[in-house]
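Subject: Structure for your review

Dear colleague,

Please find below the structure that I am handing over to you.

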Amino acid sequence: MNGDVVPFPEARISIMAPGLTFAVTVFEGVRAYWNDDEKQLFVFRLPEHLERLQFSMRMIELSPAPDSDRLVAAVSALIRANGYREDCYIRPQAYVDDWGDMTATGPVGWSVICRRRPRVSAFETGKDFMVVSWRRNADDASPPRIKAAANYLNGRLAGLEAQRCGFGGAIILNRDGTVSEGPGGCLFMARGGRLVTPPVTDGILESITRATLLDLAQDLGIATEERSIGRTELHLASELFYCGTGQEIVPIRTVDRKPIGDGEPGPLTQRFQEAYDAVVRGRNPRYRHWLMPVWP
Ligand SMILES: Cc1ncc(COP(=O)(O)O)c(C=O)c1O
């Protein structure tokens, strides 16, 4: 918390903090992966996450913002203090603390939280999704490109609608009526042997998992396309999956109760899951530079 490791109950901010009262908070979600052969914990693409956090802080004008070197040191110190030797999830966040109004730019508080987080079971089983009635917040209103807590109201409404209707996940359309993303992850569609994902201008977070998978597709010899996806194309897809740091890669079995392919996790999705797992756990030497080892 602001550079110190403190017990969780002592990590407090003011109830008048604009970070709470006006959701003036930006954050990152990062995963660290345990490699049992090497007895090492690898933080995945931390510099890229922190670069995105710097962008988020700049856009909402937090000042002075903590620099990335301090945040990297805090992530290492925190994991070591907790003694984690298993998969975990790290949330660096920055906000306006103390008292202030909607436009207050400081004082900036920052903290890093780390907790155990195994892989979601849907990685294996997949999930059933629906296209929700809520539309994605637009880049000229509450920009999804910023990882701001305020954007997650839109995601929450979408997620609640999907849950209420008995679905495991939500697909949100943007104002133009094309596919944007889900409440906490991006979408990929396999169609005609190509892997298609909406462009970063269609109302999505510039996802690090998405960028990783676009790179891995090249290695796997699979053609990719970043273009808008129409709603009905979801039903023409041979496979669909949902991806993000938290979810990793979740196969989408059905959309609006209609099966995608045969309604089971497809072969292309499984190839990406295997390739992704090899990268994040350090089994692919080509991408070791994406991993930060935590233990000496
Ligand atoms: C709204 C949203 N889209 C996409 C993603 C995926 O981004 P990343 O792959 O960087 O975790 C996330 C977070 O994980 C998210 O919250």
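This is a predicted model: local features need pLDDT of at least 70, side-chain atom pairs count only at pLDDT 80 or more; totals for chains, interfaces and linings use all residues.

**The protein as a whole**

The secondary structure comprises seven helices and 15 strands. The radius of gyration is 19 Å, close to the 19 Å that the globule rule gives for 296 residues, so the protein is as compact as a globular protein of that length. Along the principal axes, the C-alpha atoms fill a box of roughly 50 × 45 × 30 Å. Of the 296 residues, 53% are buried. Among contacts with a separation of 6 or more, 71% are accounted for by residues 24 or more positions apart. The accessible surface comes to about 13,600 Å², and 52% of that surface belongs to carbon and sulfur atoms.

**Helix 3**

Helix 3 covers residues 68–82. From its first C-alpha to its last, this 15-residue helix reaches 21 Å, close to the 21 Å expected at 1.5 Å a residue. Just after the helix, glycine 83 takes a positive phi of about 70°.

The buried residues of helix 3 are Leu71, Ala74, Val75, Ser76, Leu78 and Ile79. An α-helix has 3.6 residues a turn, so residues three or four places apart point the same way. The cover over the buried residues of helix 3 includes helix 2 (46–59) as well as strand 3 (40–44), strand 4 (88–96), strand 5 (108–116) and strand 15 (291–293).

**Salt bridges**

Side chains of opposite charge can pair when their charged atoms come close. The count for this model comes to 21 salt bridges, and three of them are described here.

In the pair of aspartate 277 and arginine 119, the closest N and O atoms are 2.7 Å apart. Aspartate 277 lies in helix 7 (residues 267–280) and arginine 119 in the loop between strand 5 and helix 4 (122–125), so the pair ties together parts that are 158 residues apart in sequence. Aspartate 277 counts as buried at 13% relative accessibility, whereas arginine 119 is partly exposed at 25%. Both residues belong to a network of salt bridges that links Asp87, Arg119, Glu248, Asp277, Arg281 and Arg283.

Glutamate 233 forms a salt bridge with arginine 191, at 2.7 Å from N to O. This pair links distant parts of the chain, 42 residues apart: glutamate 233 is in the loop between strand 11 and strand 12, and arginine 191 is in strand 9 (residues 186–191). Glutamate 233 is buried, with a relative accessible area of 11%, while arginine 191 is partly exposed at 32%. Leaving aside residues up to four places away in sequence, glutamate 233 touches Met189, Arg191, Arg227 and Ser228.

Aspartate 219 pairs with arginine 286, the closest N and O atoms being 3.3 Å apart. Here too distant parts of the chain are linked, with aspartate 219 in helix 6 (residues 208–220) and arginine 286 in the loop between helix 7 and strand 15, 67 residues apart. Aspartate 219 is partly exposed at 33% relative accessible area, and arginine 286 is exposed at 55%.

Yours sincerely

Notes: Residues are numbered from 1 along each chain as its sequence is written. Side-chain values use heavy atoms; hydrogens and water are left out. Helices (H or I, at least four residues) and strands (E, at least two) are DSSP runs, numbered from the N terminus. The expected span of a helix is 1.5 Å times one less than its number of residues. Buried means under 20% relative accessible area, exposed over 50%, partly exposed in between (1.4 Å probe, protein chains only). Contact means heavy atoms within 4.5 Å. The radius of gyration is taken over C-alpha atoms; the globule rule is 2.2 Å times the number of residues to the power 0.38. Accessible areas come from the Shrake-Rupley method with a 1.4 Å probe; for residues, only the protein chains shown count as cover. A salt bridge is a side-chain nitrogen of Lys or Arg within 4 Å of a carboxyl oxygen of Asp or Glu.
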